Amino acid sequence: MPDEEGHPAVDELDLRTVMSALADPLRYGVVTALLREADGTARTCASFNLPVSKSTLTHHFRVLRESGLVRQVDRGNSRAATLRRADLDARFPGLLDLLRAES
């Protein structure tokens with residue numbers, strides 16, 4: 001069961017849901033950008049400069065969060081996202097390596 005903020009537990013991560021989230025080019029770009037950052041780096045949603053409205057940006061990060069690709073934390077009037085590297089590597093070994101090789 002996802003936690004109160006919508007983050008699924010590692011054993012709840014579903015490959016189809018993850019792949020569906022990655023199918024969108026903007027979300028794929030967010031994940032690959034986080035892959036290029038040091039492990040544990042948290043970036044605000046706005047820092048990705050996606051060419052969409054604020055409500056659409058919120059939607060994209062909700063999909064990333066609910067799929068288990070990112071963890072979001074509140075930072076006052078914004079949210080910061082970190083890539084769930086360890087969780088993804090544990091559940092889907094090699095997936096992040098494939099994404100890194102493609103980016």
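1. In this note a residue is called buried when its relative accessible area is under 20%, and exposed when that area is over 50%. The structure is a predicted model. Valine 70, with a relative accessible area of 0%, is therefore buried.

2. Valine 70 belongs to strand 2. Leaving aside neighbours within four places in sequence, valine 70 is in contact with His7, Leu34, Leu64, Arg65, Ala81, Thr82, Leu83 and Arg84.

3. The largest nonpolar core has 25 residues, and Phe61 and Leu69 are the members that touch the most others. At least two residues of this core come from each of helix 1 (15-22), helix 2, helix 3 (54-67), strand 3 (78-83) and helix 5 (95-102). Helix 2 makes the greatest contribution, with five residues. As a general point, nonpolar side chains in soluble globular proteins tend to be buried together.

4. Residues up to four places away in sequence are not counted, and leucine 69 then touches Val18, Ala21, Leu22, Val31, Leu64, Thr82, Leu83, Arg84 and Leu88.

5. Helix 2 covers residues 25-36, twelve residues in total. From first C-alpha to last, helix 2 reaches 16 Å, close to the 16 Å expected at 1.5 Å a residue. Aspartate 24 caps the N-terminal end of this helix, where a side-chain oxygen of the aspartate lies 2.9 Å from the backbone nitrogen of leucine 26. The buried residues of helix 2 are Arg27, Val30, Val31, Thr32, Ala33, Leu34 and Leu35.

6. Helix 3 has 14 residues, and its reach of 20 Å from first C-alpha to last is close to the 20 Å expected at 1.5 Å a residue. Its buried residues are Leu57, His60, Phe61, Val63, Leu64, Arg65 and Ser67. They pack against helix 1, helix 2, strand 2 (70-75) and strand 3. In general, residues three or four places apart in an α-helix point the same way, because there are 3.6 residues a turn. Glycine 68 follows helix 3 and has a positive phi, near 95°.

7. Histidine 60 is a residue of helix 3. Its relative accessible area is 7%, so histidine 60 is buried. The side chain of histidine 60 makes a polar contact of 3.0 Å with the side chain of arginine 27. With residues up to four places away in sequence left out, histidine 60 touches Asp24, Leu26 and Arg27. Aspartate 24 is also the residue that caps helix 2. Between histidine 60 and valine 30, which are 30 residues apart in sequence, the C-alpha to C-alpha distance is 9.5 Å.

8. Arginine 43 is located in strand 1. Arginine 43 counts as buried because its relative accessible area, 19%, is under the 20% limit. A polar contact of 3.4 Å joins its side chain to that of glutamate 37. Apart from residues up to four places away in sequence, arginine 43 touches Ala33, Leu34, Glu37, Phe48, Arg79, Ala80 and Ala81.

9. Asparagine 49 has a phi near 50°, a positive value in a residue other than glycine. Most residues other than glycine have a negative phi. The loop between strand 1 (43-44) and helix 3 holds asparagine 49. With a relative accessible area of 65%, asparagine 49 is exposed.

10. The volume of the largest pocket is about 250 Å³. Thirteen residues line this pocket, and those closest to its centre are Cys45, Lys54, Leu57, Thr58 and Arg79. Helix 3 and strand 3 are the elements that give two or more residues to the lining. The largest share, six residues, comes from helix 3.

11. One cavity of 30 Å³ or more is found in a search of the whole structure. The largest cavity contains about 30 Å³ of space. The residues lining the largest cavity are Leu34, Ala38, Asp39, Gly40, Thr41, Thr82, Leu83 and Arg85. Among them, Leu34, Thr82 and Leu83 are also contacts of valine 70.

Notes: Residues numbered from 1 in each chain as written. Predicted model: local features only at pLDDT ≥ 70, side-chain atom pairs only at ≥ 80, totals over all residues. Heavy atoms only, no water. Helix = DSSP H or I, 4+ residues; strand = E, 2+ residues; numbered from the N terminus. Expected span 1.5 Å × (residues − 1). Buried < 20%, exposed > 50% of the residue type's maximum accessible area, 1.4 Å probe, protein only. Polar contact = N/O pair within 3.5 Å; in protein donor to acceptor, adjacent residues only side chain to side chain. Core = buried A, V, L, I, M, F, W, Y, C linked by side-chain atoms within 4.5 Å. Contact = heavy atoms within 4.5 Å. 1 Å grid on protein atoms, 1.4 Å probe; cavity = no way out; pocket = protein on both sides within 12 Å on 5 of 7 lines; lining within 4 Å. Points joined across faces, edges and corners; volume = space filled by probe spheres on them.
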